[in-house]
Amino acid sequence: MRSRRLLPNLLPRLPKPTYLSAQIRQRSNLSAKSGHDAAESAAAADPARAVSLLAERNWFERINSEFAAPLRHLGPRFVVRALQQAAAEPLLCVRLYVWASRFGQHFARDRNVRRALGNALWRRGPVVLSSALVAEVQGCGCVISEELLCVLVESWGRLGLAHYAHEVFVQMPRLGLRPTTMVYNAVIAASVRAGAVDAAYLRFQQMPADGCCPDCFTYNALVHGVCRRGIVDEALRLVKQMEGAGIRPNVFTYTMLVDGFCNAGRAEDAVGVLEKMIEKGVEPTEATYRALVHGMFRSLGTDKAYRILSKWLESHPALHHRDAFHTLLYCLSKNDMAKEAVELVHKMSNKGYLLGNIMFGIVISCAAKCLELSYVCELVDDFIKKGGKPGFDVYILIIKSLLSCKDISKAQKYLSQMVSDGLFSSVTSYNMVIDCLSKADQVEMAKEIVKVMQESGFLPNLVTFNTLISGHSKLGNVHEAKAVLKMLMELGFMPDIITFTSLIEGLCHNHQLDDAFDCFNEMSKWGVRPNVQTYNVLICAFCSAGNVNKAIDLLNKMKMDGITPDVYSFNAPISSFCRMRKIDKAHKLFTDMLRYGVAPDSYTYNTLIKALCDERRVDEAKEILLSMESSSCIAANQHTHWSVVGALTKIGHFSEAGEFMNKLHKRNAHLGSSA
């Protein structure tokens, strides 16, 4: 006997809440009233307005009349915002920079202003220094300044236009500019960035003739260029020349040398540079240690790099090399060297150094993949005991692992620790844990977390309820799923596609196919359109119940409703037809599948090939096998070939069966040699 219709009683039409709407309207009126004056005052300082003026024919007069007075009070931050607004039109950015530079060097030389202009010129450029642009700038009573020229040159270097940068450099006198160290540096750096190190050297040698003295930036650009090319000895010569000129190498100089020696495979020299750097009183930065560690792992291999680096770190006080330890731990973890990473953590701990939460999370993520779960839990417990606070992701990782091992008590322990550490800071964080528990079939624990969530002042949302409904449905607890659905409706939420699909899945799991179909039909009344997953749940359920014709009807309805079926939509009925030995219908469905543009997977091919072989329709099986092997995404496995070999043997085609076996052996041998 069929049960009563599911949805009409379960999903009553609730009136829309009006109190909240009234609050929102009231708040909007207040904000409109109080923000009126603010809007008027902001109009004069609107970056979008400034950008629109820059696009006009008489742009200089317009922007000067409206923004000259406010700009003095707004400062460089306003220029940065306007440059970001105009980033899609780099010429407008140049106009803005030229105009703003008239109001002082603090606009022209501001680092953030130059960076915003440089990014626009690089991403949407190039902007060439044409005669028309020069005439436009000079016509406004402005000049192409040294600062603007340097930003343009830098953008050309980033775009690989070093040759053009040199051409403009030669034409500088026409712009009323003479070469300075800053301009030389820009051209040299642009050449190095574009890979033209020889051109950079030519400008470097020309500097004294123009009365310009190289500075630290000049030498660093050249050191960077030769190190990138692997000419490390030339980099050392430059550093000596630099020191001979009374210029002290800085942290960037040494960092580039370290990276260069690592790239050249000279690991000991790289360590020597770091030692010399420390002796000279130059403090290494995180970038220095990162260059050393990553460079060694890249050039020496993981095992050798770890041996050398760990030995070097042990001979130095740990607290002075936190960045080195962190980088080494990162490389070990990313290379799945969990044992070595944990060993290094213990060494650091013995020297009184406790890992930060982020780095500890990276190590634990590696350890959870490679080591015993009990040992990973010990690491977490020890970290907590020493005052560490694992992050949210670490707890989720451990809890998921424990739930998969059915160690519920330990999972509950870490959940309690998460609550006490205050890691639940939003509805999203609660939902992640609820989802984790529901997928592990621990729906009752998930409901307890919902209670904790409510007691902490967080209201469940639709995702929360959908997760619980899905969890109950997968367990076949339709009654509990209905109770959650009722609660969802009472709180004013409307069911969505996930709600319906989860509920239909639960009903199918509980063999209540009539109710599941009623639920499916009710979806349109609630303005919810079924998707391919909804159809697939019902198609699989009807096929499992032996009602494959109903499944085919649903498949046809899906196509008529404009929903594209996927491989799972076809696999279930094909498999059912094969079990029923209705091979022709299965084969026809397979053909329809190809015609519809749905690519079969290995399950589709194997099911059909085995069924054809069982019916001794070997020629058709071979045809489909050939189609399978011609697919670049799917490889025929050993069982597929053995099905054909067995069928050939049964019909007495021993010679052909032998050929298939030889082909299979050759393929396996080829795969073995490739591995």
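Analyst: The lining of the largest pocket is made up of 12 nonpolar, seven polar and eight charged residues. In this classification Ala, Val, Leu, Ile, Met, Phe, Trp, Tyr, Cys and Pro count as nonpolar, Asp, Glu, Lys and Arg as charged, and the others, Gly among them, as polar. The model is a predicted one, in which local features need pLDDT of at least 70 and side-chain atom pairs count only at pLDDT 80 or more, while totals for chains, interfaces and linings use all residues. Residues are numbered from 1 along each chain as its sequence is written, and side-chain values use heavy atoms, with hydrogens and water left out.

The volume of the largest pocket is about 1100 Å³. Among its 27 lining residues, those closest to the centre are Glu 154, Asn 185, Ala 189, Arg 193 and Phe 217. Two or more lining residues come from each of helix H9 (111–124), helix H11 (146–158), helix H13 (181–193), helix H15 (216–228) and helix H17 (251–263). H13 gives the most, with seven residues. The terms are as follows. On a 1 Å grid over the protein atoms alone, a pocket is an open set of points with protein on both sides within 12 Å along at least five of seven lines, a cavity is a set of points where a 1.4 Å probe fits but cannot get out, and lining residues have an atom within 4 Å of a point. Grid points are joined across faces, edges and corners, and a volume is the space filled by probe spheres set on the points. Helices are DSSP runs (H or I, at least four residues), numbered from the N terminus.

The second largest pocket has a volume of about 240 Å³. It is lined by 13 residues, of which Asp 435, Asn 466, Thr 467, Ser 470 and Ile 498 are the closest to its centre. Helix H27 (427–439), helix H29 (462–474) and helix H31 (497–509) each contribute at least two residues to this lining, and H29 has the largest share, with seven. By class, the lining of the second largest pocket holds three nonpolar, six polar and four charged residues.

The structure has one cavity of 30 Å³ or more, and the volume of the largest cavity is about 40 Å³. Its lining consists of Ser 310, Leu 313, Glu 314, Phe 325, Leu 344, Lys 347 and Lys 351. Helix H20 (302–314) and helix H22 (338–350) each supply at least two of the residues that line the largest cavity, and the largest share, three residues, is from H20. Three of the lining residues are nonpolar, one is polar and three are charged.

The packing between helices comes next. Ile 364, in helix H23 (residues 357–370), counts as buried because its relative accessibility is 0%. Neighbours within four places in sequence aside, Ile 364 is in contact (heavy atoms within 4.5 Å) with Val 376, Leu 379, Val 380, Val 394, Leu 397 and Ile 398. Between Ile 364 and Ile 398 there are 8.8 Å from C-alpha to C-alpha, at a sequence separation of 34 residues.

Aromatic side chains form 17 pairs in the whole structure. Rings of Phe, Tyr and Trp (its six-membered ring) pair if their centres lie within 6.5 Å, with planes under 30 degrees apart called stacked, over 60 edge-to-face and the rest tilted. Phe 67 and Phe 78 are a stacked pair, with 5.7 Å from centre to centre and 20° between the planes. Phe 67 belongs to helix H5 (residues 59–74) and Phe 78 to helix H6 (residues 76–85), so the pair ties together parts that are 11 residues apart in sequence. Phe 67 and Phe 78 are both buried. Trp 156 and Tyr 164 are an edge-to-face pair, at 4.7 Å centre to centre and 75° between the planes. Trp 156 is buried at 0% relative accessible area, whereas Tyr 164, at 22%, is partly exposed.

Definitions and conventions:
Buried < 20%, exposed > 50% of the residue type's maximum accessible area, 1.4 Å probe, protein only.
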